[in-house]
There are 2 protein chains.
Amino acid sequence: MQYCIPVRLSRVEKQAQTRGRLLEAAGELFAERGVNGASVEQIAERAGYSRGAFYSNFEDKAELVVALLQERTRREHNEVKGLSWERVRAWNRSRARNVTEWLALRTELWLYSLRDGRVRRQLAERERLSRSAHAQGLAEVFRRAGVKPPADIEFLGLIAHALEDGLLIQRAITPDEVRDEVVVDAVELLCRSWIALGDRTK
Amino acid sequence: MQYCIPVRLSRVEKQAQTRGRLLEAAGELFAERGVNGASVEQIAERAGYSRGAFYSNFEDKAELVVALLQERTRREHNEVKGLSWERVRAWNRSRARNVTEWLALRTELWLYSLRDGRVRRQLAERERLSRSAHAQGLAEVFRRAGVKPPADIEFLGLIAHALEDGLLIQRAITPDEVRDEVVVDAVELLCRSWIALGDRTK
DNA sequence: GCACTCAGATACAGGTCTGTATGTGATTTT
DNA sequence: AAAATCACATACAGACCTGTATCTGAGTGC
């Protein structure tokens, strides 16, 4: 019989925990100071370990970046997968609390990816996911409105996704001049105008 | 009488030249390796000087970043000011040759601005410029089409500007999946659909 | 329960970065 | 034309960062 609760973790469990904490800390620090601005020591320290822990879990910082992106992508995919369009939008809104940090991290990773092919491939996967989620959502909107989309639905998804990013960036630069709801407003305007266009072409 | 051509520049002219070359080099290196990844030494070296030249022209790297952004903003403003909508689009297209480098620089500066209020103010000025240029262009399009804009024209300018950035980012991540003309295509689609929506509300 | 293994800590060597202090030669001033 | 100035070069000190090599103590297998 197994009454015991394993307060003491096994070796592999413990390492997984360490790795997870390092990734968490790295995400925070990358958003705060940039990938280049955060040292291995700082990351390990914030996670509550020494540099030794880092180097026994990752080859170097580049590998950490890849792993971080991989983990975030998988997590996002699991959270979103199977949700309806409405729920995905709600999920996006709830995440919007710390949007700037999240956007900063994504942007840092993007810049990093320009200089590292491996990271670029990871990021590409993540972005494809977002685009197609948007495309699916839009498809549902058109179906409900009973209108034929005015262009390739993947293209429209790309536009919606790109627009969200662009608007968040603008809001981060000038928070006073760009309202919080600007993203929602803009996407809704797009939907309405595309439906209007769809009506005509039909 | 002054026949002489000043091959030998005066003190102030020479310093201005040095400053300009340092800014130029900094722009290149920031795009290549990031603001944090480019050292003062590398910047000075690429410009053809030593670190002494740098520190006699700038307090530190932060001041250089501010100056760089200021200079680019002014240059852009001078180039675009007074041009028609069509010519501005042509100018944008011509610049598109080395878009990725240009976008990387802007993104680097954006990230930097998140952590430095002074830079943020500079960047805000630059972005306002771009947004209103777009707004003006769109206004002209609506005027020609004889249609009332479907929303605040500034809002539409913001959308167009944000969308361009977002699309360029997506193209940098997945060059094979996003065509070169995607930006032009997307903006044209927006114009058409907004005109369609405008017709109805009229 | 004893030897083994390995995650993580500690110590160290080599390199790079920044900012300052001082030197120098060309230009400016008087 | 001598003195003063100043843009830029050079040298140096201190901090920090990376990656490796070695150590230790807690799980693991026999």
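## Surface near DNA strand D

By class, the residues near DNA strand D divide into 4 nonpolar, 8 polar and 7 charged, where Ala, Val, Leu, Ile, Met, Phe, Trp, Tyr, Cys and Pro count as nonpolar, Asp, Glu, Lys and Arg as charged, and the others, Gly among them, as polar. The model is predicted, with local features requiring pLDDT of at least 70 and side-chain atom pairs counted only at pLDDT 80 or more, while totals for chains, interfaces and linings use all residues. Residues are numbered from 1 along each chain as its sequence is written, chains are lettered from A and ligands numbered from 1 in the order in which they are written, and side-chain values use heavy atoms, with hydrogens and water left out.

Of the 19 residues around DNA strand D, those that come nearest are A:R51, A:Y55, B:R11, B:T18 and B:S50; a residue is near a strand if one of its heavy atoms lies within 4 Å of it. Both chains take part, since α2 (40-47) and α3 of chain A, together with α1 and α3 of chain B, each supply at least two residues of this surface, helices being DSSP runs (H or I, at least four residues) numbered from the N terminus. Sugar or phosphate accounts for 60% of the atoms of DNA strand D within 4 Å of the protein, and bases for the rest.

Individual atom pairs involve both the bases and the phosphates of DNA strand D. From chain A, a backbone N or O atom of A:V40 lies 3.3 Å from a phosphate oxygen of DNA strand D.

## Surface near DNA strand C

The surface near DNA strand C holds 4 nonpolar, 9 polar and 8 charged residues. Its elements with at least two residues each are α1 (11-33) and α3 (51-57) of chain A together with α2 (40-47) and α3 (51-57) of chain B, and the largest share, 5 residues, comes from α3(A).

## Interface of chain A and chain B

The size of an interface is often given as the accessible area lost when the parts come together. Between chain B and chain A, the buried area (accessible area, 1.4 Å probe, that two parts lose on being put together, summed over both) is about 4200 Å², with carbon and sulfur atoms giving 68% of it. B:W110, B:Q170 and B:I173 supply 15% of the area that chain B buries against chain A, more than any other three residues. The contact (heavy atoms within 4.5 Å) takes 53 residues from each of chain A and chain B.

Between the two chains there are 6 salt bridges (a side-chain nitrogen of Lys or Arg within 4 Å of a carboxyl oxygen of Asp or Glu). One salt bridge joins A:R115 and B:E108, whose closest N and O atoms are 3.4 Å apart. On the side of chain B that touches chain A, two or more residues come from each of α1 (11-33), α6 (99-114), α7 (117-145), α8 (153-173) and α9 (182-201) of chain B, and α8(B) gives the most, with 14 residues. The residues of that side are 28 nonpolar, 10 polar and 15 charged.

## Domains of chain A

Chain A is assigned domain 1 (1-58) and domain 2 (63-201), with bounds that come from an automatic or database domain assignment. The centres of these two domains, taken over C-alpha atoms, are separated by 29 Å, and their contact takes 14 residues from domain 1 and 13 residues from domain 2. About 1100 Å² is buried between domain 1 and domain 2 of chain A, and carbon and sulfur atoms give 75% of this area.

Across this interface the rule finds 1 salt bridge, and A:E24 forms a salt bridge with A:R75, the closest N and O atoms being 4.0 Å apart. On the side of domain 1 that touches domain 2, α1 and α3 of chain A each supply at least two residues, and α1(A) gives the largest share, 8 residues.

Methods:
Polar contact = N/O pair within 3.5 Å; in protein donor to acceptor, adjacent residues only side chain to side chain.
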